[in-house]
Amino acid sequence: MKHQGKPPEGNLTAWMEFVLLGFAEVPQLQWFLFGLFFVIYMITLLGNGTILVITKVEPALQMPMYFFLGNFSFLEICYVSVTLPRMLVNLGTQRRTISLVACATQMCFILVLGATECFLLAVMAYDRYVAICNPLQYPLVMNHKVCIQLVAASWISGIPVQVGQTFQVFSLSFCASNVINHFFCDISPILKLACGETFTIELMVYVAAVLFVSDPFLLILISYIKIISTVLKLPSATSRAKAFSTCSSHLTVVVLFFGSAIITYLRPEASHSAETDKVLSLFYTVVTPMFNPMIYSLRNKVLKWH
């Protein structure tokens, strides 16, 4: 993280609203983008909503892996609904303004839901680890009460830090511009509008990103190292293939989500550009939630037949 100096505090403006620039640099594509993102939103809602309902009502899916998957699908619906409806309104009406309160609320929800996704993916990796490496103890270790506690912890753990982080960012004074060069209220483009010294907040943002992205990713990595080690010791190729098949969909989602999130938030500040950040953000906030139901359904025989 390379700190860049900010304009000094001076002729400050008490902005009560911001302008989300979004994709204003390609005005000829506005309606095409509106149609594209509307279709993506509908596919995301339908796909994740279907998995959510199936995992709740189908007796054959009443097991921890599908309990976590149902919660993950609900999370994806929430996650994409924080950004896409606002983006569709901006593209359809060409009114790009967002109030300060709405911007702060959107950023807070994105941060909290992003942290929840990191934790929930780690929980799902732990579930696969116990199922494959300790199958005899799996029903005892991953009982329904433990599953509920793990999901609740995933949802709640990030709230205090991310709410506090949002409050700190929007307690800053902002310079003459109120134009956010992004399609949603993300920390990095908003901090670029701040006046005075922001190094402390930037450092805290970076530490939080390490805590909520790197730590769960490390837990997932350790889980899969142990899983691979156990699977390779299985006597038959059929057993190894079956064990890997229960993990492949989750591993694919982990690579898609964490890959784009790590590149976005943990790469050096000097290598940031607004256009690159938009593309990467689109990937983990819009594209990944759309593909997740397809990934799980195509790779999971039980879901495929429902």
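Me: What does Asp 186 touch, not counting residues up to four places away in sequence?
Reply: In this predicted model, Asp 186 touches Met 107, Tyr 265, Ser 281 and Tyr 284. Touching here means heavy atoms within 4.5 Å. Asp 186 itself is found in the loop between β3 and α7 (187-191).

Me: Why is Asp 186 called buried?
Reply: The relative accessible area of Asp 186 is 3%. The cut-off for buried is under 20%, so Asp 186, at 3%, is buried.

Me: What makes Thr 288 count as buried, and where does Thr 288 lie?
Reply: Thr 288 lies in helix α10 (residues 274-299). Its relative accessible area is 1%, and buried means under 20%, so the label holds for Thr 288. Leaving aside neighbours within four places in sequence, Thr 288 is in contact with Glu 76, Leu 256, Phe 257 and Phe 283.

Me: Why is Leu 33 buried, and which residues is Leu 33 in contact with?
Reply: Leu 33, in helix α1 (residues 30-57), has a relative accessible area of 11%. That value is under 20%, so Leu 33 is buried. Apart from neighbours within four places in sequence, Leu 33 is in contact with Phe 23, Val 26 and Leu 91. Leu 33 and Gly 92 are 59 residues apart in sequence, and their C-alpha atoms are 9.5 Å apart in space.

Me: How much of the protein counts as buried?
Reply: Of its 306 residues, 46% count as buried. As for contacts between residues at least 6 apart in sequence, 80% join residues at least 24 apart.

Me: Why are α3 and α6 called roughly antiparallel?
Reply: The axes of α3 (residues 100-133) and α6 (residues 159-169) cross at roughly 150 degrees and come within 9 Å. Angles over 145 degrees count as roughly antiparallel, so α3 and α6 get that label. The α3 and α6 crossing is right-handed.

Me: Which residues make the contact of α3 with α6, and how do they divide by class?
Reply: From α3 come Ala 104, Met 107, Cys 108, Leu 111, Val 112 and Ala 115, and from α6 come Ile 159, Gln 162, Val 163, Gln 165, Thr 166 and Val 169. By class, nine are nonpolar, three are polar and none is charged.

Me: What makes α2 and α5 roughly parallel?
Reply: Helix α2 (residues 64-93) and helix α5 (residues 144-156) pack at about 25 degrees, with axes 10 Å apart. Angles under 35 degrees count as roughly parallel, so α2 and α5 qualify. Their crossing is right-handed.

Me: Which residues of α2 and α5 make the contact, and how many are nonpolar?
Reply: On the α2 side the contact uses Pro 64, Phe 67, Phe 68, Asn 71, Phe 74, Leu 75 and Cys 78, and on the α5 side His 144, Cys 147, Ile 148, Leu 150, Val 151 and Trp 155. The classes are 11 nonpolar, two polar and no charged.

Me: Which face of β1 is covered and which is uncovered?
Reply: The covered face of β1 has Phe 18 and Leu 20, and the uncovered face has Glu 17 and Val 19.

Conventions:
Residues are numbered from 1 along each chain as its sequence is written. This is a predicted model: local features need pLDDT of at least 70, side-chain atom pairs count only at pLDDT 80 or more; totals for chains, interfaces and linings use all residues. Side-chain values use heavy atoms; hydrogens and water are left out. Axes are lines fitted to C-alpha atoms, for helices over the stretch in contact, and angles run from 0 to 180 degrees between N-to-C directions. Helices (H or I, at least four residues) and strands (E, at least two) are DSSP runs, numbered from the N terminus. Angles under 35 degrees count as roughly parallel, over 145 as roughly antiparallel, 65 to 115 as roughly perpendicular and the rest as oblique. A crossing is left-handed if the near helix is turned anticlockwise from the far one by less than a right angle, and right-handed if clockwise. Ala, Val, Leu, Ile, Met, Phe, Trp, Tyr, Cys and Pro count as nonpolar, Asp, Glu, Lys and Arg as charged, and the others, Gly among them, as polar. Buried means under 20% relative accessible area, exposed over 50%, partly exposed in between (1.4 Å probe, protein chains only).
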